[in-house]
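Look at the sequence and the model shown below. The report after them goes through confidence, strands, cores and salt bridges in turn.

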Amino acid sequence: MTRTDLLRHSAIVNLKKSNGVERSNDDNLLEYVENDGEYIKKQIETLNPNIIICGGTFEKFYQKLYNVTDENQITDWTYFHDNRLVFDFVHPAYQAHGAMMYYMISSLFIKALKEEKVKAIFGGP
C-alpha cells in the first residue's frame with residue numbers, strides 16, 4: 001500500500017470547530033467538547049476507524065466522552081475501546097523530528113499488537 005493509499009484511508013477530526021486563537025488551553029478545549037462533543041462523536045462513528053490517535057486530547061475528549069477507564073488501557077498510552085485502538089499521543093505540533101514521531105507511534109502499535117484482543121482485529125506477531 002502506498003502513502004497515497006494510506007492517506008485515502010485516513011481522516012483527521014479537529015476538536016475545535018471554529019476559527020480562533022492559535023493555541024487552546026484545557027478550559028477552552030473542554031468547552032468545545034461540551035458544545036460539540038456529540039457532533040464529533042457522530043463523526044467518529046460515521047468514519048468507524050480501527051485506530052484513533054488523540055493528539056494531546058485523550059483525557060479532554062475521548063476518555064471523557066466515551067467513559068474510557070483504566071480497564072481499557074492495554075499499554076502505556078494505548079487503550080482498546082469499542083474494538084478500536086486509541087492512542088493517547090502528543091499533539092501533531094509537538095516539537096519533535098518527524099522520524100521520531102513515526103517511531104514513537106510505531107512502537108506503541110507494535111506493542112499493542114501483542115495483546116490477544118488486538119490480534120483478533122489486526123492480526124499480529
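**Basis and confidence**

Residues are numbered from 1 along each chain as its sequence is written, and side-chain values use heavy atoms, with hydrogens and water left out. Because this is a predicted model, local features need a pLDDT of at least 70 and side-chain atom pairs count only at pLDDT 80 or more, while totals for chains, interfaces and linings use all residues. The term pLDDT stands for the predictor's confidence in each residue, from 0 to 100. The protein has an average pLDDT of 80, and 80% of the residues score at least 70. Confidence is lowest in helix H1 (residues 3-8), with a mean of 63, and highest in strand S3 (residues 78-81), at 92. Helices (H or I, at least four residues) and strands (E, at least two) are DSSP runs, numbered from the N terminus.

**Strands**

Two strands pair if DSSP finds at least two bridges between them. Strand S4 pairs with S1 in the parallel sense over five bridges, and Asp 88 in S4 is the bridge partner of Cys 54. S3 and S4 run antiparallel and are joined by four bridges; here Arg 84 of S4 is the bridge partner of His 81. The hairpin of S3 and S4 has two residues between the strands, and Asp 82 takes a positive phi near 50° there. Five of the six residues of S4 are buried, where buried means under 20% relative accessible area, exposed over 50%, and partly exposed in between (1.4 Å probe, protein chains only).

**Nonpolar cores**

In soluble globular proteins, nonpolar side chains tend to be buried together. A nonpolar core is a set of buried Ala, Val, Leu, Ile, Met, Phe, Trp, Tyr and Cys residues joined through side-chain atoms within 4.5 Å. The largest one here has 14 residues, and Phe 58, Phe 61, Tyr 62 and Val 86 have the most contacts inside it. Helix H2 (26-47), strand S1 (51-55) and helix H3 (58-66) each supply at least two residues of this core. H3 gives the largest share, five residues. A second, separate core of eleven residues includes Phe 89, Met 101, Ile 105 and Ala 112.

Which residues of H3 are buried? They are Phe 58, Lys 60, Phe 61, Tyr 62, Leu 65 and Tyr 66. These buried residues pack against H2, S1, S3 and strand S4 (84-89). Asn 67 follows H3 and has a positive phi, near 55°. Leaving aside residues up to four places away in sequence, Val 86 is in contact (heavy atoms within 4.5 Å) with Ile 52, Cys 54, Phe 58, Tyr 62, Trp 77, Thr 78 and Tyr 79.

**Salt bridges**

A salt bridge is a side-chain nitrogen of Lys or Arg within 4 Å of a carboxyl oxygen of Asp or Glu. The structure holds two of them.

| Salt bridge | Distance, N to O |
|---|---|
| Asp 76 and Lys 111 | 4.0 Å |
| Glu 116 and Lys 119 | 3.3 Å |

Asp 76 is partly exposed, at 44% relative accessibility, and Lys 111 is partly exposed at 40%.

Glu 116 and Lys 119 both lie in helix H5 (residues 116-122), three residues apart, about one turn of the helix. Glu 116 counts as exposed because its relative accessibility is 57%, whereas Lys 119 is partly exposed at 24%.
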